Amino acid sequence: MSENAIWAAYENRLLRVSAYIHDHLEEDLDLDRLSEIACLSAHHWHRVYRAVHNETLAGTVRRLRLHRAAGDLVRSDHSVRDIAARWGYPNLQSFTRSFAAAYGMPPAQYRRQGSHRAYEPDNGKESHRMFDVTIRNS
């Protein structure tokens with residue numbers, strides 16, 4: 001089997017695992033269960049995962065959970081503490097520290113001033129300058 005075929009087979013296995021992770025992000029993700037989905041030993045699977053994704057499983061889960069937490073901060077009125085608990089953080093301090101490291105500001109500040117604010121309309125006012133467009137056929 002060629003090296004490309006080997007990596008293609010690994011990629012298919014990792015896609016199954018990635019889909020499982022995305023669908024079960026609110027749950028505890030067991031390395032043994034994920035290696036079963038990949039049909040590889042836990043050690044070998046984790047080594048391949050890190051080589052392909054350039055991050056560990058723990059890093060991926062942490063990144064995705066923080067991303068979902070950021071979405072919860074923007075789209076809900078739940079307290080920061082409740083959002084932290086939902087995404088598996090044992091206390092508010094560890095969530096705030098991780099969130100600030102990833103997003104450059106604490107969660108409460110992100111809710112008020114985060115990058116998502118740049119895309120929100122300004123209460124019905126024109127918030128983006130529109131340019132005249134002319135289509136010319138040469």
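1. Ser35 is a residue of helix H2 in this predicted model, in which local features need pLDDT of at least 70, side-chain atom pairs count only at pLDDT 80 or more, and totals for chains, interfaces and linings use all residues. Residues are numbered from 1 along each chain as its sequence is written, and side-chain values use heavy atoms, with hydrogens and water left out. Helices (H or I, at least four residues) are DSSP runs, numbered from the N terminus.

2. Ser35 counts as buried because its relative accessibility is 6% (buried means under 20% relative accessible area, exposed over 50%, partly exposed in between, with a 1.4 Å probe and protein chains only). Its side chain reaches the backbone oxygen of Asp32 at 2.7 Å. When residues up to four places away in sequence are not counted, Ser35 touches Leu40, Ser41, Ala42 and Trp45, contact being defined as heavy atoms within 4.5 Å.

3. Helix H2 spans residues 31-38, and within this helix Leu34, Ser35, Ile37 and Ala38 are buried. Viewed down the axis of H2, these buried residues fall within an arc of 155°, so they line one face of the helix; the arc is that of the directions from the helix axis to the C-beta atoms. The buried residues of H2 pack against helix H1 (3-23), helix H3 (42-53) and helix H4 (57-75).

4. Cys39, which follows H2, is found in the loop between H2 and H3, and its phi is near 60°, a positive value in a residue other than glycine; Cys39 is exposed, with a relative accessible area of 52%. Asn54 lies in the loop between H3 and H4, also has a positive phi near 60° although Asn54 is a residue other than glycine, and counts as exposed at 70% relative accessibility.

5. How do H1 and H3 cross, and at what angle? Their axes come within 11 Å and cross at roughly 95°, where axes are lines fitted to C-alpha atoms, for helices over the stretch in contact, and angles run from 0 to 180 degrees between N-to-C directions. That makes H1 roughly perpendicular to H3, the term covering angles of 65 to 115 degrees. The contact is formed by Trp7, Tyr10, Leu14, Val17, Ser18 and Ile21 of H1 together with His44, Trp45, Val48, Tyr49, Ala51, Val52 and His53 of H3. The residues of this contact divide into 10 nonpolar, three polar and no charged, with Ala, Val, Leu, Ile, Met, Phe, Trp, Tyr, Cys and Pro counted as nonpolar, Asp, Glu, Lys and Arg as charged, and the others, Gly among them, as polar.

Note on methods. Helices (H or I, at least four residues) and strands (E, at least two) are DSSP runs, numbered from the N terminus. Angles under 35 degrees count as roughly parallel, over 145 as roughly antiparallel, 65 to 115 as roughly perpendicular and the rest as oblique. A polar contact is a pair of N or O atoms within 3.5 Å; within protein, one must be able to donate a hydrogen and the other to accept it, and residues adjacent in sequence count only if both atoms are side-chain atoms.
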